[in-house]
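Here is a briefing on a two-chain model.

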Amino acid sequence: MSNYLRLLFIVFSVTYGIAQEKNEVEKRVKKDDIPNLAKEWLEEAFKQDRKTKWYYQTDGEKYVYEAKLKKNKHLHSVEFDMEGKVKNVEIKIKENEIKQEAYQTIFNYFKSNYTRYSLKKIQIQYTGESDDLENLIVENEMKNLVINYEIEYYGKTDKDNTLWEGLFDAEGRLIEKRVINLKLTDNLDY
Amino acid sequence: MRICISILGLLFFTFSYAQENRTTFGLFPEASLSYKLLKNYSITHKFESQHGFYDSENLNEELEYEHTLTDLQTFIGRRITPFIKVDIGYQYRIERGENTHRTIQQVSILQRESHFRIGHRMRIDQTFFNNASLLFRARYRLKGQIPLQGESLDNGENYLSVSNELIYMIQSGEDDLENRLTAALGFYIDDKNKFEIGLDYRTDDYLVKDRFRHRIWLKFGYYKTL
């Protein structure tokens with residue numbers, strides 16, 4: 001028996017050492033660790049004290065804090081820079097909540113590029129200055145804000161079978177897309 | 001953390017209850033190695049082995065070691081979509097008495113939620129014996145993987161893994177049911193290296209009179225992908 005354990009321990013220690021180099025990280029953080037500027041903006045915009053989960057995220061180049069909370073039954077993700085200045089607000093929406101001016105163009109894109117597709121997650125993304133983003137939350141005012149849609153979708157073509165994240169502008173035109181690599185499922189399948 | 005404690009508590013409660021029935025306890029190491037073959041095809045080799053230390057029926061109360069069985073499996077899988085995978089597999093079982101061959105077919109479906117993910121596995125298998133008729137089994141397993149730090153799993157983080165599998169089996173016109181409940185702590189070293197340690201609680205002979213059996217395994221598994 002001890003030989004099994006020894007072998008497992010060796011494999012485990014070696015791979016653990018290598019794994020430290022990767023730097024894409026998302027971590028839950030305590031409210032106390034968040035800059036006051038961010039907490040004040042959130043309280044000001046969302047008024048009453050809502051249940052908020054705070055996260056720290058980095059891809060190695062960009063470092064941000066993210067607050068996740070619900071308002072009007074919609075999940076809001078608010079991104080702040082490390083100084084606590086608000087950068088953007090993402091709201092999770094349903095397919096029928098895509099604005100009229102973008103809807104047709106987005107779906108035309110799917111229909112003409114894929115033999116089969118299904119939308120997995122849709123977020124409307126508002127980017128702008130602190131005051132303008134506050135007006136969005138308080139008064140649903142969208143002045144001076146850049147609107148994009150971040151859509152996670154599965155698209156099948158004759159050659160491909162991929163999960164994508166597409167960024168579409170306010171008129172529904174595709175700006176960019178990237179492949180989403182799902183985590184391996186070996187421990188769920190065998 | 002509270003969920004962890006509750007599940008472990010439940011398992012220990014079941015264990016103490018199980019003392020009254022036919023009960024075995026042992027160690028259950030397993031390891032899998034997967035690699036890509038072609039674009040959508042992959043191969044997985046899996047080794048799993050059961051080592052008994054306690055058996056209430058055989059009055060093995062001095063914790064005598066006994067090699068129960070060792071399985072060697074190989075699967076060829078094809079990914080149909082990012083969420084669906086089908087596999088065919090073969091298993092050679094080394095066991096006291098008679099070594100057996102088994103063929104396996106399975107479909108795995110991945111369900112993603114914002115805070116966790118669930119793997120659904122539908123499997124059928126056929127076991128061949130020298131002097132007994134074919135054993136056919138149909139199984140459904142649900143396995144949840146819940147990150148313990150943040151919403152998504154990052155390298156070096158831990159996760160909770162909970163699964164339950166229901167197995168229906170039939171041989172020579174006699175059928176039976178088996179249930180397998182597991183709870184484990186997972187170490188997500190990186191996507192290609194995962195280690196899980198926990199308890200695997202199996203009950204079977206539901207439909208056979210006076211033979212209801214409990215098996216509790218301390219299970220530890222390593223999942224490696226090249």
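A salt bridge is a side-chain nitrogen of Lys or Arg within 4 Å of a carboxyl oxygen of Asp or Glu. B:Glu30 and B:Lys219 form one, with their closest N and O atoms 4.0 Å apart. B:Glu30 sits in strand S1 of chain B and B:Lys219 in strand S11 (residues 213-225) of chain B, so the pair ties together parts 189 residues apart in sequence. The model is predicted: local features need pLDDT of at least 70, side-chain atom pairs count only at pLDDT 80 or more, and totals for chains, interfaces and linings use all residues. Residues are numbered from 1 along each chain as its sequence is written, chains are lettered from A and ligands numbered from 1 in the order in which they are written, and side-chain values use heavy atoms, with hydrogens and water left out.

**Chain B**
- Chain B has one helix and 11 strands (DSSP runs numbered from the N terminus: helices are H or I with at least four residues, strands E with at least two).
- Of the 226 residues in chain B, 50% are buried (buried is under 20% relative accessible area, exposed over 50%, partly exposed in between, with a 1.4 Å probe and protein chains only).
- The accessible surface of chain B is about 11,100 Å², with 62% on carbon and sulfur atoms (Shrake-Rupley method, 1.4 Å probe; for residues, only the protein chains shown count as cover).

**Interface of chains A and B**
- The two chains bury about 3,800 Å² between them, 57% of it on carbon and sulfur atoms (buried area is the accessible area, 1.4 Å probe, that two parts lose on being put together, summed over both).
- A:Asn187, A:Leu188 and A:Tyr190 supply 23% of the area that chain A buries against chain B, more than any other three residues.
- Chain A puts 36 residues into the contact and chain B puts in 55 residues (contact means heavy atoms within 4.5 Å).
- Four salt bridges are counted between chain A and chain B.
- A:Lys68 and B:Glu151 meet in a salt bridge at 2.8 Å, N to O.
- H1(A) gives the most to the side of chain A that touches chain B, with eight residues.

**Salt bridges in chain B**
- Over all chains, the count is 28 salt bridges.
- B:Glu30 has 6% relative accessibility, so it counts as buried.
- B:Lys219 has 18%, so it also counts as buried.
- B:Lys85 pairs with B:Asp87 in a salt bridge, closest N and O atoms 3.7 Å apart.
- B:Lys85 is buried at 7% relative accessible area, and B:Asp87 is buried at 4%.
- B:Arg139 and B:Asp125 form a salt bridge at 3.1 Å between closest N and O atoms.
- B:Arg139 lies in strand S7 (residues 135-147) and B:Asp125 in strand S6 (residues 117-128) of chain B, 14 residues apart.
- Both B:Arg139 and B:Asp125 are buried.
- A network of salt bridges includes B:Arg121, B:Asp125, B:Arg139 and B:Glu165.

**B:Lys194**
- B:Lys194 belongs to strand S10 (residues 193-204) of chain B.
- B:Lys194 is buried, with a relative accessible area of 0%.
- Its side chain reaches the backbone oxygen of B:Asp191 at 2.7 Å.
- Leaving out residues up to four places away in sequence, B:Lys194 touches residues including A:Leu184, A:Asp186, A:Asn187, B:Gln145 and B:Tyr159.

Technical notes
Polar contact = N/O pair within 3.5 Å; in protein donor to acceptor, adjacent residues only side chain to side chain.
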